[in-house]
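Welcome! Here is a short briefing to read alongside the picture and the sequence.

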Amino acid sequence: MALLIVAAVATATGAALGGGSHTDDTAAARPAPAPATDRGEAVDQGEISALAGPAATAAATASPSPSASVSGAAGPSASAAAALNAGPALDSPRMKDIAQQLVSSAENSSLDWRAQYKYIEDIQDGRGYTGGLIGFTSGTDDMLQLIRYYQTLNPGNRLVRYLPALQQVNGTDSHEGLDPTFADDWRAAAQDPAFQRAQDEERDRVYFDPAVRQAEADGLHALGQFAYYDALVVHGPGTGAHSFGGIRAAALAKARPPSQGGDETAYLTAFLNARRSVMAAGRHNTERVDSVQTAFLKAGNLALATPLRWTLYGDSYAITH
């Protein structure tokens, strides 16, 4: 999946300029998510501990960190900082939409994330086809799981015939059994509300819901919840050094999260530094971390309060309300 390096600030106006996917910013191969069992659960009963790595976590309410204002001017009073950073969780409807726009700016150079159901191409990152609103890939199992779930919603859909090939190419970048018709059939299937629903629900089950739950358990506000979500999208679940769990474990070795009495800004700095190190070790673009999440953190915007402005891959974006 795609990633980020131009300076950004956390206030403003503006619009998305570019389009398309980026091939130089992908992280180490994303581990395969656990297959779906109960659609009401995100991965499995041990999900949070598996995603988080070996360190144990305890749920707690975060204490806002008094830090600089969003505009980057002099820091607000303690009460103003508390009001700024006591915003809604990322899983509230408005904040979830903001999260999808932020991810879409990195993945598709557009804030219109709902237009990405039909997106599919091979971005030459070693994962085969990348498709859909969260970048499901044929090489890392989540595309296979997506089509299997789509089959339960619309049996006999036009993508079912590719299930044997998707199983065969899983773990590789091969297109064997998929070309030359798979991409066209994917785009056609994207008009089906059942396929759109499948993408939404698989995104939530594998990436969004586990990330928000773990971040809340760590006592993080919306920015931290988004940082976890974006890391899961790119690096995948698991406990390996290059997975979300490994990145979080590296951060925990440097700083305590708010749930353990630590400072939220210090902990998020450690988390983003750990993620940046993983990406840099693989010679991947770190702009997604530097120009968006780190910029918002330095501005003291733990609540992801709007207006938001950032620049990514040379394109400028804003969410103003």
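A nonpolar core is a set of buried Ala, Val, Leu, Ile, Met, Phe, Trp, Tyr and Cys residues joined through side-chain atoms within 4.5 Å; buried means under 20% relative accessible area, with a 1.4 Å probe and protein chains only. This is a predicted model, in which local features need pLDDT of at least 70, side-chain atom pairs count only at pLDDT 80 or more, and totals for chains, interfaces and linings use all residues. Residues are numbered from 1 along each chain as its sequence is written, and side-chain values use heavy atoms, leaving out hydrogens and water.

**The core**
- The largest nonpolar core has 78 residues, and F182, Y229, F271, L304 and W310 touch the most other members.
- Leaving aside residues up to four places away in sequence, Y229 touches several residues, including A99, V103, I134 and F208; contact means heavy atoms within 4.5 Å.

**The sheet**
- Strands are DSSP runs of E with at least two residues, helices are runs of H or I with at least four, and both are numbered from the N terminus.
- Three strands form an open antiparallel sheet in the order β1-β2-β3, where two strands pair if DSSP finds at least two bridges between them.
- β1 (120-122) and β3 (136-137) are the edge strands, each pairing on one side only.
- Strand β2 (residues 129-131) pairs with β3 over two bridges, and G131 stands opposite F136 in β3.

**A buried serine**
- S243 sits in the loop between α8 (222-235) and α9 (244-252).
- S243 counts as buried because its relative accessibility is 3%.

Key
Buried < 20%, exposed > 50% of the residue type's maximum accessible area, 1.4 Å probe, protein only.
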